[in-house]
Amino acid sequence: MGKHEKRQRKKRLKKQVAGLIEQKEKHWEKLASGKFGEDYRKDTTPEYWKKEIENQQKQIEEKTELLKK
């Protein structure tokens, strides 16, 4: 892997981490406000959003570890 490819990979990982953090914040807002939808479909329950937040946190940690390498 050349310098250019490493630089591109690092830049891509930084953008992914920033996007995941932004999504996590949006999910927290949705969870805090209680706006899930009237029908409470599977993807609109509070448990679903909590699980999504946990998954995003794991992805953030994995990608920051890759950035450190």
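Y48 comes out as partly exposed at 30% relative accessibility, whereas W49 is buried at 10% (buried is under 20% relative accessible area, exposed over 50%, partly exposed in between, with a 1.4 Å probe and protein chains only). The two rings make an edge-to-face aromatic pair, 5.2 Å centre to centre with 80 degrees between the planes. The rule here takes rings of Phe, Tyr and Trp (its six-membered ring) with centres within 6.5 Å, calling planes under 30 degrees apart stacked, over 60 edge-to-face and the rest tilted; the count is one pair. The model is a predicted one, with local features needing pLDDT of at least 70 and side-chain atom pairs pLDDT 80 or more, while totals for chains, interfaces and linings use all residues. Numbering runs from 1 along each chain as its sequence is written, and side-chain values use heavy atoms, leaving out hydrogens and water.

H27 sits in helix 1, residues 3–33 (helices are DSSP runs of H or I, at least four residues, numbered from the N terminus), and is buried at 9%.

As for charges, there are two salt bridges, each a side-chain nitrogen of Lys or Arg within 4 Å of a carboxyl oxygen of Asp or Glu. K26 and E22 meet at 3.6 Å, N to O; they are four residues apart in helix 1, so about one helical turn separates them. E65 and K68 pair at 3.8 Å, three residues apart in helix 2 (residues 46–68). K68 is exposed at 67%, while E65 is partly exposed at 45%.

Terms used. Helices (H or I, at least four residues) and strands (E, at least two) are DSSP runs, numbered from the N terminus.
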